[in-house]
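Let's take a walk through this fold together, one piece at a time.

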Amino acid sequence: MRTLITGGAGFVGSHLCERFLAEGHDVVCVDNFITGNPVNVEHLRENPRFTFLRHNISQPLEVDEPIDNILHFASPASPVDYLQHPIPTLKVGSLGTHNTLGLAKLKGARFLLASTSEVYGDPEVHPQREDYWGHVNPIGIRGVYDEAKRFAEAMTMAYHRSHGINTHIVRIFNTYGPRMRLDDGRVVPNLMGQALRGEPLTVYGDGSQTRSFCFVSDLVDGIYRLLQADFHEPVNLGNPNEVSILDFAKEILELSGAKSEIVFKPLPQDDPRVRKPDITRARTLLGWEPQVGRSDGMRRTLEYFRGRLPNARK
């Protein structure tokens, strides 16, 4: 089996490269490093079954060899990144999805789209089920990411219905773990980085907004299972264990031993008030649910970040 993974040098993408290599696949990793990091896949380059292509998937890609699976994970995924790169974000969700679906059609490959819980926007239904259509501001600052993914889902279903492509869609909820960037702006690296540097921890709004955090190995296992499934509509993957951001910040203080204070700043525009997946569909279809508890996953992630901050507090 040969599996092509766009965004393969990113946080989740690099873990997927490892998993598919471990399952015996040849892996073609495609990335242009707009947010990915070559260090994430450096340890894989000596593997004869691993190939790296530096390419912007918003431009057409030609591959001579057969391809059995295409996983489209290329996209800025954190607010810091997609607000800095709004047009590339829209392009990779539209043109990039079109290019990878076209390649899947040409090669007769299975296709899996990385979508996101952000398609639900600031949800009015809680927890979020796949049949909820969402509450999104299409012209707000976050719309470049939200609508790119919503469009990508629509195109993926169109290729399935019109061309019979074997497509899959995963809606990814907050995921964390090793290889996240400390500067990517998401809540886990933000708070952990501040704690390790002895800085005040920043909480937006009053901290009552909630998130549900899934460890990356659990997400990757769910994605691998979904690719094998005979199911084509979106599937939520995430950890339904919900926590407020304020309580989460307190957990990080306790875990790290930091004596930092918590400071409050205004809530960003269109920031979701709640986020919790209903994973009934994943449990039923895939026999999947998260295995890594938050305390264990947080400890492993904190140690990863500690090793990347030379002056981190011990």
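## Helix α5 and what follows

Just after α5, Gly164 takes a positive phi of about 70°. Helices here are DSSP runs of H or I with at least four residues, strands are runs of E with at least two, and both are numbered from the N terminus. Keep in mind that this is a predicted model: local features need pLDDT of at least 70, side-chain atom pairs count only at pLDDT 80 or more, and totals for chains, interfaces and linings use all residues. Residues are numbered from 1 along each chain as its sequence is written, and side-chain values use heavy atoms, with hydrogens and water left out.

How far apart are the end C-alpha atoms of α5? They are 29 Å apart, which agrees with the 30 Å that its 21 residues (143-163) should span; the expected span is 1.5 Å times one less than the number of residues. Among the buried residues of α5 are Val144, Tyr145, Met155 and Tyr159. Buried means under 20% relative accessible area, exposed over 50%, and partly exposed in between, using a 1.4 Å probe and protein chains only. The buried residues of α5 pack against α3, α4, β5, β6 and β11.

Six of the six residues of β6 are buried. On one side you'll find Thr167, Ile169 and Arg171, and on the other His168, Val170 and Ile172, so both faces are covered. In a regular strand the side chains alternate between the two faces of the sheet.

β6 runs parallel to β5, joined by six bridges, and Val170 is the bridge partner of Ala114. It also pairs with β11 in the parallel sense, over four bridges, where Ile169 stands opposite Pro234. Strands count as paired if DSSP finds at least two bridges between them. Together, β5, α5 and β6 make a right-handed β-α-β unit: with the strands pointing away from you, the path from the first strand over the helix to the second runs clockwise.

## The nonpolar cores

Which residues touch the most other members of the largest nonpolar core? They are Leu16, Phe50, Leu71, Phe73 and Ile223, out of 61 residues. The largest share, seven residues, comes from helix α7. Apart from this core lies another, of 22 residues, including Leu4, Ile57, Val92 and Phe111. A nonpolar core is a set of buried Ala, Val, Leu, Ile, Met, Phe, Trp, Tyr and Cys residues joined through side-chain atoms within 4.5 Å.

Leaving aside neighbours within four places in sequence, Leu71 is in contact with Leu16, Phe20 and Ile223, among others. Contact means heavy atoms within 4.5 Å.

## Cysteines on their own

The structure holds zero disulfides, a disulfide being a pair of cysteine sulfur atoms within 2.5 Å. For Cys17, the nearest cysteine sulfur is that of Cys29, 4.1 Å away. Cys17 is buried, with a relative accessible area of 0%. Cys214 is in no disulfide either, and the nearest cysteine sulfur, that of Cys17, is 18 Å away.

Most residues other than glycine have a negative phi, and most peptide bonds are trans. Phe33 is not a glycine, yet has a positive phi of about 65°; it lies in the loop between β2 and α2. Arg179, also not a glycine, has a positive phi of about 85° and sits in the loop between β7 and α6. The peptide bond from His126 to Pro127 is cis, with omega near -5°, and Pro127 is in the loop between β5 and α5.
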